[in-house]
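Please look through the sequence and the model shown here before reading the briefing that follows.

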Amino acid sequence: MSGNLQFSIRTRCDICHSAGRVWLVKTGRELTRCPSCGFAWVAAGLMRTSSGLSIYEDSTRALFEDFADYYRDASADDAAVTKLNWVGEFAQEGRLLDVGANYGHFISHAVDRFDAIGMEPSPQAVDWARTNLRAPIQRGYIGDDRGDFAGRFDVITMFDVIEHLEGPLVALQQCRRFLAPHGRLFITTPDAGSLVARLLGRSWYHYDLEQHISIFSVANLERLLEACGFTVIQKRTFARRYRFSYIDRRLRDLSRESMLFRTAHAVAFPLRLFPQRRIAINLHDVIGLVARLREE
Ligand SMILES: [Zn+2]
C-alpha cells in the first residue's frame, strides 16, 4: 500500500491560494508561509529515504524509538482517555476511524465504546499496537482509495496528524467522504496563532520541519474545514502529562537553536534529578476542533 498523497512543489497556499514566502530554514528544510492567512508548509513535503519511502514507512528508521517516553508511555494512555472523553461529549456509539493511529493507545481505549479501527502508515507502529495493545489497526493513509469507507463512520479522529501531512486538503476531503451524514470530525494540531507560538516566533518547538510540514492556526484550519464542507462546532486546547525525561530532552535539543532554550535547559536541572516524574502542562498551543458536515 503506497501513499498516494503525491504533490509537486507547492508555492501557493492550500487555503487562500496566495503566493507563499520562505519564512524559516531549519535542518536543511524550508518552511513557506502564506502572508495572507498564515498557513505554513514545507514545500518539499515528507522526508523520504533514498528508496522513496516516507520516514513513517521506512522500517530501518525507527522514528519513534527516540521518543519512547512520549509515544509508548503511560502518559500516552492518559492522553488517550482524555481524548476519548472529549469524543464522548459528542458521540457515544457507532463506527469510529482513527487516522494516524500511531502506537494505538487511543484506539485501544476507543474499542470499549465504539466499533473502532485505526489507520497508520508506519509498519512498526502497527505491529507494536497489534502485539502489545491488541489494537485493531490497519496499515494505510487517509489518502488511500477506500471505497468501502464512504459514508461509513460516525466519528473520525485525527489527533496530532494533520501537521504531518503534505496534503491536508485531500485528507479533509477524504474525511468528508468517509463520514456518515451526522458524523463528527475531531482534530488536534499545534496552533501557530497561539500566544506561546507568537512569543517564541521561529523558536517555537512545533516548527520541527522534519515532521511538521503543514502548520495551521485555529483561524486558517477553520477556513480550510469550511472549504471542505465542514462547520466547526467546538474549539478548545489540551493539557498533556509529560515525563521529565522527555521535557529535558526536548529542551536540550532546542537549546542548540536559541539562547532562550539554553537558559531554560540550564535552570531546569530538577528534570534531570527526577526523570520518571510526570507533569501536566497546557501551554494552550495545541488546539482541538470538532466539526460536522455542513448541510447543503
Ligand atoms: Zn493562505
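Which residues of helix H4 (residues 123–133) are buried? They are Ala125, Val126, Trp128 and Ala129, where a residue counts as buried if 20 or more other C-beta atoms lie within 10 Å of its own, as exposed if 12 or fewer do, and as partly exposed in between, with C-beta atoms placed from the backbone. These residues lie on the same side of H4, because they cover an arc of only 165° around the axis, the arc being that of the directions from the helix axis to the C-beta atoms.

This is a predicted model, in which local features need pLDDT of at least 70 and side-chain atom pairs count only at pLDDT 80 or more, while totals for chains, interfaces and linings use all residues. Residues are numbered from 1 along each chain as its sequence is written.

**Confidence**
- The mean pLDDT of the protein is 89, and 92% of its residues reach 70 or more; pLDDT is the predictor's confidence in each residue, from 0 to 100.
- Over residues 1–8 pLDDT stays under 50, and where pLDDT is low, the predicted coordinates should not be read in detail.

- Helices (H or I, at least four residues) and strands (E, at least two) are DSSP runs, numbered from the N terminus.
- The cover over the buried residues of H4 includes strand E5 (115–120) and strand E6 (137–139), judged by contacts, in which the C-beta atoms of two residues, placed from the backbone, lie within 7 Å.
- Just after H4, arginine 134 takes a positive phi of about 50°.

**The sheet**
- Seven strands form an open sheet with mixed pairing, in the order E6-E5-E4-E7-E8-E13-E10; two strands pair if DSSP finds at least two bridges between them.
- The edge strands, each pairing on one side only, are E6 and strand E10 (230–237).
- Strand E8 (residues 179–190) pairs with strand E13 (residues 286–293) in the antiparallel sense over seven bridges, and the bridge partner of proline 190 in E13 is valine 286.
- Helix H2 (residues 74–88) lies across strand E7 (153–159), E8 and E13, running at about 145° to E7; axes are lines fitted to C-alpha atoms, for helices over the stretch in contact, and angles run from 0 to 180 degrees between N-to-C directions.

**Alanine 19**
- Alanine 19, found in the segment before strand E1 (21–26), is exposed, because it has 11 other C-beta atoms within 10 Å.
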